[in-house]
Amino acid sequence: MIRSFLNAQIRKFGRRFNYDTSYMHEICAVSPGAVYGLLKLPEFYRYRGPALGQPVWTGALLASTLDGDCGPCAQLVIDMALAAGADRETLRLCAQGQADKAGAMGLGFRFAEAAIKADPMADKFRSEIAREFGGKCALSCAFAAASGRIYPVLKRGMGHGQACQRLDFGDTIVTLAA
């Protein structure tokens with residue numbers, strides 16, 4: 001009974017975002033308890049801080065997800081960001097490696113890239129985020145930088161990972177370098 005309920009919720013999520021949830025169904029078949037752990041992950045990475053800092057957080061989550069190298073996961077982040085009102089052009093600029101031209105979203109993107117790579121520039125970007133958007137926003141970007149890779153890595157570990165190659169921004173398809 002619990003598996004039926006969980007699978008119904010998983011299917012609903014998949015339909016909403018046109019997202020392949022087969023790995024989630026596989027987790028449910030093996031262990032419904034593990035699905036509960038999976039369902040708690042958004043509580044961790046969705047800490048966003050103040051509304052003013054949403055573009056910064058979005059950039060950080062996109063950078064972390066792209067670093068995880070999973071096309072469907074990156075597409076999901078893009079689709080969810082667009083549904084929440086994110087600017088498609090700044091998302092595209094970030095995905096194409098032009099985050100320096102993407103304003104606040106680009107700042108979050110560059111912060112996450114630096115934090116993931118242990119680049120000392122992460123401190124500069126974090127300070128800039130905190131100065132412009134507040135400490136809660138800087139913290140939310142740290143959460144996003146740390147967590148965007150969880151799903152791509154989990155999916156690869158289960159044999160469901162796919163490399164980022166093509167992302168759809170609604171009005172533009174972007175092919176990323178391998």
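How far is the sulfur of C28 from the closest cysteine sulfur? The distance is 18 Å, to the sulfur of C73, which is too far for a bond.

This is a predicted model, in which local features need pLDDT of at least 70, side-chain atom pairs count only at pLDDT 80 or more, and totals for chains, interfaces and linings use all residues. Residues are numbered from 1 along each chain as its sequence is written, and side-chain values use heavy atoms, with hydrogens and water left out.

**Cysteines**

A disulfide is a covalent bond between the sulfur atoms of two cysteines. The cut-off here is a pair of cysteine sulfur atoms within 2.5 Å. The structure holds 0 disulfides. C94 is in no disulfide either; its nearest cysteine sulfur belongs to C141, 11 Å away. Both C28, at 0% relative accessibility, and C94, at 1%, count as buried. Buried means under 20% relative accessible area, exposed means over 50%, and partly exposed lies in between (1.4 Å probe, protein chains only).

**Aromatic rings**

Rings of Phe, Tyr and Trp (its six-membered ring) pair if their centres lie within 6.5 Å; planes under 30 degrees apart count as stacked, over 60 as edge-to-face and the rest as tilted. By this rule there are 3 aromatic pairs. Two of them involve F13, as the table shows.

| Pair | Centre distance | Plane angle | Class |
|---|---|---|---|
| F13 and F17 | 5.6 Å | 55° | tilted |
| F13 and Y19 | 6.0 Å | 80° | edge-to-face |

F13 and F17 both sit in helix α1 (residues 2-17). They are 4 residues apart, about one turn of the helix. Helices (H or I, at least four residues) and strands (E, at least two) are DSSP runs, numbered from the N terminus. F13 is partly exposed, at 23% relative accessible area. F17 is buried at 10%, and Y19 is buried at 9%. F13, F17, Y19 and Y23 form one aromatic cluster.

**Surface patch**

I2, F5, Y36 and L39 form a nonpolar patch on the surface, with about 400 Å² of accessible area together. Helices α1 and α3 (32-45) are the elements that give two or more residues to this patch. Y36 lies in helix α3 and is partly exposed, with a relative accessible area of 40%. Patch residues have over 30% relative accessible area and no salt bridge; nonpolar side chains (Val, Leu, Ile, Met, Phe, Trp, Tyr) are joined within 5 Å, like charges within 9 Å. A salt bridge is a side-chain nitrogen of Lys or Arg within 4 Å of a carboxyl oxygen of Asp or Glu. Accessible areas come from the Shrake-Rupley method with a 1.4 Å probe; for residues, only the protein chains shown count as cover.
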